[in-house]
Amino acid sequence: MRRTGLLALAIGLAAASPVAAQTRIAVDEVSIDALQAAMASGRASSVALTQAYLARIAAMDRKGPTLRAVIAISPDALAQARASDARRKAGKTLGPLDGIPVLIKDNIETRELSTTAGSLALAANDTRRDAPVVALLRAQGAVILGKTNLSEWANIRSNNSMSGWSAVGGLVRNPYALDRTACGSSSGSGAAVAASLAAVAVGTETDGSVVCPSAMNGLAGLKPTLGLVSRTHVVPISHSQDTPGPMGRSVKDVAILFSAMIGDDPADPATKGADRYRKDYAAGLSRDALKGVRVGYWKPEMADDLAARFDKALDELRAAGAVLVEVKLPKLDGLGEAEGVVLHAELKADMAAYLASTPAAVKARTLADLIAFNDAHKAAEMPFFGQETFVKADRTKGLDDPEYTQARAKSLRLASVEGIDWMLKQADAKLLVTPTYGTPWLSDPAHGDQFTGPSASELPAVSGYPHLTVPMGLVNGLPAGLSFIGTAWSDGLLLNAGYAYEQATHARVAPKYLPTIPADLGARTLR
């Protein structure tokens, strides 16, 4: 397993570099546009920015608040940055990501690092290949800084899991309150970007794993329309629902990263035709994008403090020009059960297909092999929760089983035609808004995740429709997100709407790395 010691590398780089010592580049809360402006003016270089992020990782990820968000550093990160600086000097920059450090979730392959999905079973998964989505980022000059920690196996091993924990990386901590969840499974990507350990990061989602860590770490995050971004060489759960997605501190940063991730991939049939959606999504963002736009909204069951913040968000949307129409969430009996059947069957089949492509040093070739590995390494792999979801998935009968095919047809119909499509039609609206989730719960190794409050992720996840979350501010000191949901290929519409809301409110509050939320904080932090 090619892993790089984070503290040794970053401290050594800072000590060895007169550039880092002289310039003292500030990267905390700095946007991609501002980083590019600094490089264009000569006030910074990509090398200096990369060193600054590495020093910040050294100071905060294994020291200080010990976020455990970054699982490995790319050994050639500085070489990538030097190449970017050379291009800039020659007047041949490759676009808005050229020279910008980006972190990649550790279930997405990068050629210079092993890809573990957080599991010791994949410690030797050194494929020396880039996932196509990473190759696209490199082709546009991004500096692949390293890999982020995650909920092991993207949170599919157990229904009793503790989000953000992996055997390889430990437990990711939320920068807003270190005893709270960073949510899963892209927890490391969420915490890292919130803490400015990179400009932006790539996560993945099957159901909630981009939007939940984004919402709970005070970020914008986009779960794209399924088929816009390749899944090849990404450790899978479900080909019906998996997709990488961009995460950033602002909607514009997310739009810049998203624009670089889209493309056809012959190895992933779902992406056929994706190239026609390639464009600069950041260029079209407008503060006036909500003016005159009909927006449907629904109010799920939620705590009074979150409900008050959502009511304020609705007022803010109206003030930004949106025409709001309340809709009711339809009864979609059996959706969760059908989704479970699909995920379990596809996990078994898709995981076997992925494992067949890994190096010989990876001994597991089936889900059953992974189950056996975990049983043989219980102390390291299962100190807090088991693998009952793996076991259940391993008992499925394949993708030709009528139970699976019927469940997929049912779940897709309920989530799209009878779910999102129906609500949009009832409201005569272009998009929907609702709270993304509740606020971060306490990380609890004894009892696992304590999901409370609303969850907006299931319908867009199952339907394959896009889902954007944007910071709604703090509720009792903890981040909350506002979801923007549309039909297929409406990613640009959602980004525009989210940008208009963001610019009207500036609701995001930077983290303070509190050990815990004071008991008397109360509603005075509602903003």
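1. Keep in mind that the model is predicted.

2. Now back up into H3 itself, residues 32-41. Its buried residues are Ile32, Leu35, Gln36, Ala38 and Met39. Viewed down the helix axis, they fall within an arc of 160 degrees, so they line one face of H3.

3. What do the buried residues of H3 pack against? Their partners are helix H4 (46-60), helix H5 (77-89), strand E6 (200-205) and helix H9 (251-261).

4. Lys252 sits in H9 and Asp33 in H3, so the pair ties together parts that are 219 residues apart in sequence. Both ends are partly exposed, Lys252 at 29% relative accessibility and Asp33 at 36%.

5. Have a look at Arg508 and Glu29 too, a salt bridge with its closest N and O atoms 2.5 Å apart. Arg508 is in the segment after helix H17 (491-505) and Glu29 in the loop between H2 and H3, 479 residues apart. Arg508 is buried at 18%, whereas Glu29 is partly exposed at 32%.

6. Asp61 and Arg62 pair up as well, at 3.0 Å from N to O. Is Asp61 buried or exposed? Buried, with a relative accessible area of 0%, while Arg62 is partly exposed at 33%. Elsewhere, shared partners join Arg111, Glu112, Asp130 and Arg138 into one salt-bridge network. The count comes to 21 salt bridges.

Note on methods. Residues numbered from 1 in each chain as written. Predicted model: local features only at pLDDT ≥ 70, side-chain atom pairs only at ≥ 80, totals over all residues. Heavy atoms only, no water. Buried < 20%, exposed > 50% of the residue type's maximum accessible area, 1.4 Å probe, protein only. Helix = DSSP H or I, 4+ residues; strand = E, 2+ residues; numbered from the N terminus. Arc of directions from axis to C-beta. Contact = heavy atoms within 4.5 Å. Salt bridge = Lys/Arg side-chain N within 4 Å of Asp/Glu carboxyl O.
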